[in-house]
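Below are some notes for reading this structure alongside its sequence. Please keep the 3D view open and find each residue as it comes up.

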Amino acid sequence: MRVLTGIQSSGDLHIGNYFGSIKQMIDSQGKDEVFAFIANYHAMTSVHDGERLASLTMQAAIDFLALGMDPKQSTFWVQSDVKEVLELYWALSAFTPMGLLERGHSYKDKTAKGIASNHNLFSYPVLMAADILMFNSDIIPVGKDQIQHVEMARDIATKFNNMHGDVFVIPEHRVAENVATVPGVDGQKMSKSYGNTINIFGEEKKQQKVIKKIVTEAVPLEDPKEWEGCNVYNIAKLFLNADEAKELQARYERGGEGHGHFKLYLHDVVWEYFRPYREKREYFENNQDEVREILAFGANKAREVALPVIEKVRSATGIQY
Ligand code: ADP
Ligand code: TRP
């Protein structure tokens with residue numbers, strides 16, 4: 001089973017990205033054939049400062065390697081290193097009705113928030129379809145917000161196949177049930193664009209500050225507290241096994257502790273969880289030439305899969321003459 005995902009290098013990675021996508025990817029190495037890339041072309045829709053985008057892309061690569069991406073077992077690359085994807089994007093555009101893109105939640109949400117809409121924001125799902133179809137992907141693990149984009153890739157692929165024969169594998173999305181949407185510090189979906197994130201590799205003081213800001217109910221210290229629906233609990237449980245989660249529930253129910261205590265606990269849990277990864281991260285941060293070599297190796301592996309697909313597309317669409 002080939003499992004593929006991309007993560008945009010548009011900001012620091014947060015625990016929503018981790019549980020919603022990165023961890024699933026890393027855990028499935030060895031079971032599935034993992035294809036993972038840094039979507040820097042997609043990040044161009046929101047990051048217009050070139051120096052910043054270049055740096056975010058390198059930082060995201062370092063984060064992935066630190067978190068356990070194994071470049072030998074998996075195929076791991078930067079999107080722009082396999083440029084054939086842009087050619088496929090154009091070919092697929094001819095099979096993408098305007099109405100399909102106009103119904104896109106992500107595009108509609110962003111424009112409703114007043115984010116200036118460029119053509120690349122509008123046509124973003126076509127590039128995402130190209131990412132998916134270029135590599136014969138079977139499964140796309142995503143957070144709930146991305147399901148529609150995978151559906152669009154299926155629609156576009158089906159239209160193309162109906163016309164030209166079985167060129168593309170039709171992909172399916174996969175959402176991990178218990179972590180479908182990780183809440184942010186304000187209780188909304190955690191997202192870089194909402195400024196409500198707990199970052200994977202932030203500074204300790206900053207993380208403490210952010211966790212202190214988590215919105216909780218005002219209940220007297222001695223009273224029992226609701227853990228169900230509590231943002232602190234809901235974030236903590238992602239890091240806990242069943243016994244640890246039960247223990248935390250009991251502390252809520254017992255009373256005598258305030259949300260401040262639970263926030264301190266949450267900080268410790270998150271900090272400890274990522275400790276070994278932080279150490280690995282430092283190694284890659286100090287050895288960026290090695291990171292570049294790993295990425296070039298990954299791009300070559302990815303291109304080997306992409307070339308026969310793009311050849312078929314060229315020949316089917318009459319671009320090969
Ligand atoms: P952001 O919303 O911070 O910009 P992205 O859109 O770059 O994050 O998402 C990268 C990946 O992480 C996607 O697969 C997305 O579905 C997943 N993801 C992002 N935020 C969350 C969240 N709060 N809960 C679960 N998954 C998430
Ligand atoms: N759109 C995805 C996101 O914002 C990132 C992405 C780009 C992606 N191409 C992809 C995810 C292909 C899965 C498959 O999260």
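1. The model is predicted. Begin with D63 and R281, whose side chains form a salt bridge with the closest N and O atoms 2.6 Å apart. D63 belongs to helix α3 (residues 50-66) and R281 to helix α14 (residues 275-285), so this pair ties together parts that lie 218 residues apart in sequence.

2. Are these two residues buried or exposed? D63 has a relative accessible area of 7% and is buried. R281 is at 12% relative accessibility and also counts as buried, because buried means under 20%. The pair is part of a network: salt bridges that share partners join D63, R281 and E285.

3. Next, look at R314 and E87, where the side chains meet in a salt bridge of 2.7 Å, N to O. R314 sits in helix α15 (residues 288-317) and E87 in helix α4 (residues 84-93), so distant parts of the chain, 227 residues apart, are linked. R314, at 18% relative accessibility, counts as buried, whereas E87, at 31%, counts as partly exposed.

4. How many salt bridges does the model contain? The count comes to eleven. One of them joins the side chains of R2 and E33, at 2.9 Å from N to O. Since R2 lies in strand β1 and E33 in strand β2, the pair ties together parts that are 31 residues apart in sequence. R2 is buried, with a relative accessible area of 13%, and E33 is partly exposed, at 37%.

5. The strands that hold R2 and E33 are also paired with each other. Strand β1 (residues 2-8) and β2 run parallel and are joined by seven bridges. Within this pairing, G6 stands opposite F37 of β2. Between the two strands the chain passes through helix α1 (residues 15-27), and this β-α-β crossover is right-handed.

6. Strand β2 itself (residues 33-39) is mostly covered, with six of its seven residues buried.

Notes: Residues are numbered from 1 along each chain as its sequence is written. Chains are lettered from A and ligands numbered from 1 in the order in which they are written. This is a predicted model: local features need pLDDT of at least 70, side-chain atom pairs count only at pLDDT 80 or more; totals for chains, interfaces and linings use all residues. Side-chain values use heavy atoms; hydrogens and water are left out. Buried means under 20% relative accessible area, exposed over 50%, partly exposed in between (1.4 Å probe, protein chains only). Helices (H or I, at least four residues) and strands (E, at least two) are DSSP runs, numbered from the N terminus. Two strands pair if DSSP finds at least two bridges between them. A crossover is right-handed if, with the strands pointing away from the viewer, the path from the first strand over the helix to the second runs clockwise. A salt bridge is a side-chain nitrogen of Lys or Arg within 4 Å of a carboxyl oxygen of Asp or Glu.
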